[in-house]
Amino acid sequence: MDRQELPALPVTFRPTRTRAVLLSVGTVMFAVITAVAFALERLSPAERVSFVLTAVLFFAVLALLSRPRIVADERGVTVVNLTRTRRLEWAEIVRVNLRPGDPWVFLDLSDGTSLPALGIQPGIARHHAIRDARALRLLAESRGTGTGGR
């Protein structure tokens with residue numbers, strides 16, 4: 001593994017391609033379902049509203065799926081997953097892991113637990129995720145008790 005420079009802080013890691021796809025699909029789905037609701041002449045106003053609410057629900061779910069990110073700053077890391085946000089000091093992060101086949105990065109913590117960090121996902125942007133995981137690993141190693149790892 002070649003060494004890279006530490007990124008300037010603050011830095012945000014997020015699966016940008018996945019986010020773009022999810023939000024684009026959500027927007028298109030919302031527009032199509034809403035257009036269908038108003039194009040069908042036989043629908044009552046309540047049925048039209050239910051179509052639009054369904055479109056909003058689809059968009060909200062896809063927006064929620066696009067939420068994950070990891071924000072690193074001078075004091076530590078904020079991990080934003082689907083429904084939870086957790087703030088970690090650099091010293092709490094022992095290791096940053098992204099092994100082959102992992103769906104996202106895992107942070108091994110000083111309390112013996114592991115925290116999934118969905119902000120770095122190798123899904124449709126594998127090389128970008130590997131680069132981001134290496135950058136986060138370098139930050140953890142230089143600022144905390146990180147011990148490296150794979």
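Visitor: How many helices and strands are there in the protein chain?
Guide: The model is predicted. From the N terminus on, its elements run β-α-α-β-β-β-β-β-β-α. The protein chain therefore holds, by the DSSP runs used here, three helices and seven strands.

Visitor: What percentage of the 150 residues of the protein chain count as buried?
Guide: The protein chain exposes about 8,700 Å², and carbon and sulfur atoms supply 61% of that area. A residue counts as buried under 20% relative accessible area. Of the 150 residues, the buried share is 35%.

Visitor: Among contacts between residues at least 6 apart in sequence, what percentage join residues at least 24 apart?
Guide: Contact here means heavy atoms within 4.5 Å. Among the contacts in the protein chain between residues at least 6 apart in sequence, the share that joins residues at least 24 apart is 51%.

Visitor: How far apart do the centres of the positive and negative side chains lie?
Guide: The protein chain has 20 positive and 13 negative side chains. The centres of these two sets lie apart by 3 Å.

Visitor: Which residue meets D73 in a salt bridge, and where does that partner lie?
Guide: The two side chains meet at 2.9 Å, N to O. D73 lies in the loop between β2 (69-72) and β3 (76-80) and its partner in β4 (85-89), so the pair ties together parts that are 14 residues apart in sequence. D73 is partly exposed, at a relative accessible area of 24%, and R87 is also partly exposed, at 32%. The partner, in strand β4, is R87.

Visitor: How many residues apart in sequence are the parts that R143 and E74 tie together?
Guide: R143 forms a salt bridge with E74, and their closest N and O atoms are 3.1 Å apart. R143 lies in helix α3 (residues 126-143), whereas E74 lies in the loop between β2 and β3, so the pair joins separate parts of the chain. R143 is partly exposed, with a relative accessible area of 34%. The parts tied together are apart in sequence by 69 residues.

Visitor: Does D102 count as buried or exposed?
Guide: D102 is placed in the loop between β5 (93-97) and β6 (105-109). Leaving aside neighbours within four places in sequence, D102 is in contact with N97 and P122. D102 also forms a salt bridge with R99, the closest N and O atoms being 3.5 Å apart, and R99 counts as partly exposed at 38% relative accessibility. The relative accessibility of D102 is 14%, so this residue counts as buried.

Visitor: Which side chain of opposite charge is nearest to R48?
Guide: R48 is found in helix α2 (residues 45-65). Not counting residues up to four places away in sequence, R48 touches A37, F38, A39, L40, E41 and L43. R48 is buried yet has no salt bridge, a bridge being a side-chain nitrogen within 4 Å of a carboxyl oxygen. At 7.4 Å, the nearest side chain of opposite charge is E47.

Visitor: What is the relative accessible area of F13?
Guide: F13 is found in strand β1 (residues 11-13). Residues up to four places away in sequence aside, F13 touches R69, I70, G119, I120, D132, A135, L136 and L139. F13 and T78 are 65 residues apart in sequence and 10 Å apart in space, C-alpha to C-alpha. F13 is buried, with a relative accessible area of 4%.

Visitor: Which peptide bond is cis, with omega near 0°?
Guide: The proline concerned, P10, lies in the segment before β1. The cis peptide bond, with omega near 0°, runs from L9 to P10.

Visitor: Is L57 buried or exposed?
Guide: L57 lies in helix α2. L57 and G26 are 31 residues apart in sequence and 9.6 Å apart in space, C-alpha to C-alpha. The relative accessibility of L57 is 55%, so L57 counts as exposed.

Note on methods:
Residues numbered from 1 in each chain as written. Predicted model: local features only at pLDDT ≥ 70, side-chain atom pairs only at ≥ 80, totals over all residues. Heavy atoms only, no water. Helix = DSSP H or I, 4+ residues; strand = E, 2+ residues; numbered from the N terminus. Buried < 20%, exposed > 50% of the residue type's maximum accessible area, 1.4 Å probe, protein only. Areas by Shrake-Rupley, 256 points an atom, 1.4 Å probe, with all protein chains shown as cover. Lys, Arg positive; Asp, Glu negative; His and termini not counted. Charge placed at Lys NZ, Arg CZ, Asp CG, Glu CD.
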